[in-house]
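Colleague: Could you take a close look at one part of this model for me, the charged stretch of the surface, and then walk me out from there into the rest of the fold?

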Amino acid sequence: MQKKEAMKMAIRKAQETMKRNYGGPFGAAILDPNGQIIAVASNTVLKDHDATAHAEINAIRQASLALGTHDLSGCILVATAYPCPMCLGAIIWANIKSVVYGARKEDADHIGFRDDFMYQFIREGMQDREVLSLEESEREACLALFKEYQERSGTIY
């Protein structure tokens, strides 16, 4: 039952911010391991002028603050749409293992969002330089940072 309530809250939050022209039809909620809703957020890309201000990212940030940790193991993310590649990455980094979504990738594509384009770019090996140019530089200096972090017993996340 909490997942359905979380979805209703995510939908309401998305409607609220859409009316204000803060972002698209995207809302998200996070339930803690006990099933309590601890975060509800929406897409605020337009309001914040921040391409990363997707509902899932905003909800992860809220939940992390609420729980005082970057590790959201045991939490469930509920979203109004299938997460884009960036949000999937954030979900995995946060150790969230369960996602409930409403609209499909194709539904977002149908109204003009580029999720499928990004999935295709990734599937094709990210070789299309017109989409994104990836260039390696100063690897040895950067590896020295990695070594320093490892020697300091850096937390792996």
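Modeller: Helices and strands here are DSSP runs numbered from the N terminus, helices being H or I with at least four residues and strands E with at least two. This is a predicted model, where local features need pLDDT of at least 70, side-chain atom pairs count only at pLDDT 80 or more, and totals for chains, interfaces and linings use all residues. Residues are numbered from 1 along each chain as its sequence is written, and side-chain values use heavy atoms, with hydrogens and water left out.

Now to your patch. Glu106, Asp107, Asp109 and Asp116 come together on the surface as a patch of negative charge. (Patch members have over 30% relative accessible area and no salt bridge, with like charges joined within 9 Å and nonpolar side chains, Val, Leu, Ile, Met, Phe, Trp or Tyr, within 5 Å; a salt bridge puts a side-chain nitrogen of Lys or Arg within 4 Å of a carboxyl oxygen of Asp or Glu.) The top contributor is helix α5, residues 105-110, which supplies three residues. Glu106 sits in that helix. With a relative accessible area of 52%, Glu106 is exposed (over 50%; buried is under 20%, partly exposed in between, with a 1.4 Å probe and protein chains only).

The surface has a nonpolar counterpart too. Phe117, Met118, Ile122, Met126, Val131, Leu132 and Leu134 make up a nonpolar patch of about 580 Å². Take Val131 from that group: you'll find Val131 in the loop between α6 (115-123) and α7 (139-151), and at 33% relative accessibility it's partly exposed.

Step back and you have seven helices and four strands, running α-β-β-α-α-β-α-β-α-α-α along the sequence. The C-alpha atoms fill a box of roughly 50 × 40 × 25 Å along the principal axes, and 32% of the 157 residues count as buried.

Strand β3, residues 76-81, is where I'd look for cover, since six of its six residues are buried. β3 has partners in both senses (pairing takes at least two DSSP bridges). With strand β1, residues 27-31, β3 pairs antiparallel over four bridges, and there Ile30 faces Leu77 of β3. With strand β4, residues 98-103, the pairing is parallel over five bridges, and Val78 stands opposite Val100 of β4.

As for strand β2, residues 37-42, Ile37 is part of it. Ile37 is partly exposed at 29% relative accessibility. Its C-alpha is 25 Å from that of Ala108, which lies 71 residues away along the chain.

Finally, check two backbone angles while you're in there. His49 has a positive phi of about 55° without being a glycine; His49 is in the loop between α2 (45-48) and α3 (55-67), and counts as exposed at 74%. Asn95, also a residue other than glycine, has a phi near 65°. Asn95 belongs to the loop between α4 (85-93) and β4, where a relative accessibility of 23% makes Asn95 partly exposed.

Notes: Accessible areas come from the Shrake-Rupley method with a 1.4 Å probe; for residues, only the protein chains shown count as cover. Lys and Arg count as positive and Asp and Glu as negative; His and the chain ends are not counted. The place of a charge is taken as NZ of Lys, CZ of Arg, CG of Asp or CD of Glu.
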